[in-house]
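Student: I'd like a close look at one part of this model. Could you walk me through the open space in it and whatever sits around that space?

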Amino acid sequence: MALFEFYRTAIKKYMAEGFGTMFLVLMACGSAVLAGPKIGVLGIGLCFGLVLICLCYCIGNIFGCHVNPAVSFAMFLSGKLSGRDLCGYVVAQLIGAAVGAGFLYWFVNMDMGFDFGGVTGSNILASNVLQPGATSGMALLMEILFTFFFVLTILGATDERHGFGRFAGIAIGIALGLVNIVGIPVDNCSVNPARSFGPALFSPDAWGAFWIMVVGPLAGAVIAVLAWNAISASRKAIE
């Protein structure tokens, strides 16, 4: 009976991550594909942030609302997520991202007369590709630093003793919006391997830079955990 309850809870968590990641890709990437010419980079960045805020308050207090393998990896390194759940979360996130991108691809192909594209182009579903003038080194450094900032914000805002409780979702959403506003002109901004994976399934050109969207966020997550551990240790020593 206990084993059944364990698996039932696990399935609920993975479903929440899958649906959350699906809506992140569908709505946030969709803002670039469906409304990019009208809202611009600022609007797209805000959409990423607002979608995450909604998801944080929808599933965050229940199952964490990672919707990002880099965040799940950081939680695993911090001892807040088991290895089993890390694998389950990542698989669910990748599946959810694929479904969200599939819906977006369906929208794009429903009516080719619609005014798609603009900032990122409808043919690549807002996938993460190097923008004109950007280099792989520039994109990799940006992904590492921006994921560092994003994950560090999450670790600080959700800290059990000194976090911001119910306001944590606002800080996390704003952080995602900020990194997107600055990072979109470089590589459409990832900081999330799942967000890159979904659109790449329907955008063959995106696979050339896909490694950056995996290595960069994971490296940034590691640095964020190390930095937060150092900050926490210093704070405990002062207290």
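Student: To start with, what volume does the largest pocket have?

Tutor: Keep in mind that this is a predicted model. The largest pocket comes out at a volume of about 390 Å³. Its lining is made of 20 residues, and Gly60, Gly64, Ile154, Thr158 and Ile172 are the ones closest to the pocket centre. If you go by elements, α1 (2-63), α2 (69-77), α4 and α5 each give two or more residues to that lining. The largest share is from α1, with 5 residues. Sorted by class, you get 10 nonpolar, 7 polar and 3 charged residues around the pocket.

Now take two of those elements, α4 and α5. Helix α4 covers residues 136-157 and helix α5 covers residues 168-187; their axes come within 9 Å and cross at roughly 175 degrees. Anything over 145 degrees counts as roughly antiparallel, and α4 and α5 are therefore roughly antiparallel to each other. On the α4 side, the contact residues include Met142, Phe146, Phe149, Phe150 and Ile154, while α5 brings in, among others, Ile172, Ala175, Leu176, Val179 and Val182. By class, this contact has 16 nonpolar, 2 polar and 2 charged residues. Notice that Ile154 and Ile172 turn up again here: both belong to the α4–α5 contact, and both are among the residues closest to the centre of the largest pocket.

The elements giving two or more residues to the cavity lining are α1 and α5, and α1 supplies the largest share, 3 residues. The class tally for the cavity lining is 8 nonpolar, 5 polar and 1 charged.

Last, a couple of backbone details for you. Val67 is in the loop between α1 and α2, and its phi is near 40 degrees, a positive value in a residue other than glycine. Val67 is buried, at a relative accessible area of 2%. Val191, in the loop between α5 and α6 (193-200), also has a positive phi without being a glycine, near 50 degrees. Val191 is buried as well, with a relative accessible area of 0%.

Conventions:
Residues are numbered from 1 along each chain as its sequence is written. This is a predicted model: local features need pLDDT of at least 70, side-chain atom pairs count only at pLDDT 80 or more; totals for chains, interfaces and linings use all residues. Side-chain values use heavy atoms; hydrogens and water are left out. Axes are lines fitted to C-alpha atoms, for helices over the stretch in contact, and angles run from 0 to 180 degrees between N-to-C directions. Helices (H or I, at least four residues) and strands (E, at least two) are DSSP runs, numbered from the N terminus. Angles under 35 degrees count as roughly parallel, over 145 as roughly antiparallel, 65 to 115 as roughly perpendicular and the rest as oblique. Contact means heavy atoms within 4.5 Å. Ala, Val, Leu, Ile, Met, Phe, Trp, Tyr, Cys and Pro count as nonpolar, Asp, Glu, Lys and Arg as charged, and the others, Gly among them, as polar. On a 1 Å grid over the protein atoms alone, a cavity is a set of points where a 1.4 Å probe fits but cannot get out, and a pocket is an open set with protein on both sides within 12 Å along at least five of seven lines; lining residues have an atom within 4 Å of a point. Grid points are joined across faces, edges and corners, and a volume is the space filled by probe spheres set on the points. Buried means under 20% relative accessible area, exposed over 50%, partly exposed in between (1.4 Å probe, protein chains only).
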